[in-house]
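The following exercises are to be worked through with the sequence and the model in view. Each task is followed by a solution in steps.

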Amino acid sequence: MAQDPNCIFCKIVAGTIPCFKLYEDAKTLAFLDINPANPGHALVIPKNHAPNLVASADDDLAAVLATTRRVAAAIEHALKPYGFNLLQANGPGAAQSVMHFHMHIIPRVQGDDLKMNWGLKPGDKAALAEMAKRIKVV
Ligand code: 5GP
Ligand code: ZN
């Protein structure tokens, strides 16, 4: 598996830093974003390190999209959001801050007036732990 020892998401894959995990399979990992734009904001990553979409292998991208569908279905079931957006940033100019390919799943709340480049506001750890339990991915 391709790993970058300095990459925060590779460390999450390796289990050396913790996350609020939602789902894991051979190729992918899904967990809650630590700075949620809205409750239930989740990230889906390939376990193989690649910095962005263009550098990613097709089979990793296919696996990420399948996991994204699975996690989004669980979020819909658990949270009944108004809707949800998928977001995937490439490069600092697009506000990519972690250089390991990832898909955002952002549940929407009616009237949230969310902008797609949001400021990072730390989530409450107890609320994140509760949210990870509430979203049951099958
Ligand atoms: P980007 O800005 O690259 O599209 O998104 C990176 C996301 O990763 C941000 O929304 C940020 O909150 C999240 N993030 C950064 N470090 C960590 C971490 O250590 N754990 C978790 N769960 N999320 C992180
Ligand atoms: Zn990485």
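**Exercise 1: Charged pairs**

Asp113 is exposed, because its relative accessible area is 58% (buried means under 20% relative accessible area, exposed over 50%, partly exposed in between, with a 1.4 Å probe and protein chains only). This is a predicted model, in which local features need pLDDT of at least 70 and side-chain atom pairs count only at pLDDT 80 or more, while totals for chains, interfaces and linings use all residues. Residues are numbered from 1 along each chain as its sequence is written, chains are lettered from A and ligands numbered from 1 in the order in which they are written, and side-chain values use heavy atoms, with hydrogens and water left out.

Task: State with which residue Asp113 forms a salt bridge, and describe the pairs of Glu24 and Asp60.

Solution. 

1. A salt bridge is a side-chain nitrogen of Lys or Arg within 4 Å of a carboxyl oxygen of Asp or Glu. By this rule there are six salt bridges.
2. The partner of Asp113 is Lys115, with 3.1 Å between the closest N and O atoms.
3. Glu24 pairs with Lys21, and here the closest N and O atoms are 2.5 Å apart. Glu24 counts as partly exposed because its relative accessibility is 37%; Lys21 is also partly exposed, at 43%.
4. Asp60 forms a salt bridge with Lys27, the closest N and O atoms being 3.8 Å apart. This pair links distant parts of the chain, 33 residues apart: Asp60 is in helix 2, and Lys27 is in the loop between strand 1 (21-24) and strand 2 (28-32). Helices (H or I, at least four residues) and strands (E, at least two) are DSSP runs, numbered from the N terminus.
5. Asp60 has a relative accessible area of 7% and is therefore buried, whereas Lys27, at 33%, is partly exposed.

**Exercise 2: The zinc site**

Task: Determine which residues are the protein donors of the zinc ion (ligand 2), and explain why the arrangement is tetrahedral.

Solution. 

1. Donors are N, O and S atoms within 2.8 Å of the metal (3.2 Å for Na, K and Ca); water is not among the atoms, so sites may look incomplete.
2. The protein donors are Cys7 (SG), Cys10 (SG), His49 (ND1) and His100 (ND1), at 2.1 to 2.3 Å from the zinc ion.
3. Four donors count as tetrahedral if all angles lie between 85 and 135 degrees. The four donor atoms subtend angles of 105 to 117 degrees, so the arrangement is tetrahedral.
4. Along the sequence, the spacing of the donor residues is C-x2-C-x38-H-x50-H. Cys10 lies in helix 1 (residues 8-14) and His100 in the loop between strand 4 (83-87) and strand 5 (103-108), so the pair ties together parts that are 90 residues apart in sequence.
5. Cys10 and His100 are both buried.

Key. Tetrahedral: all angles 85-135°; square planar, octahedral: opposite > 155°, others 65-115°.
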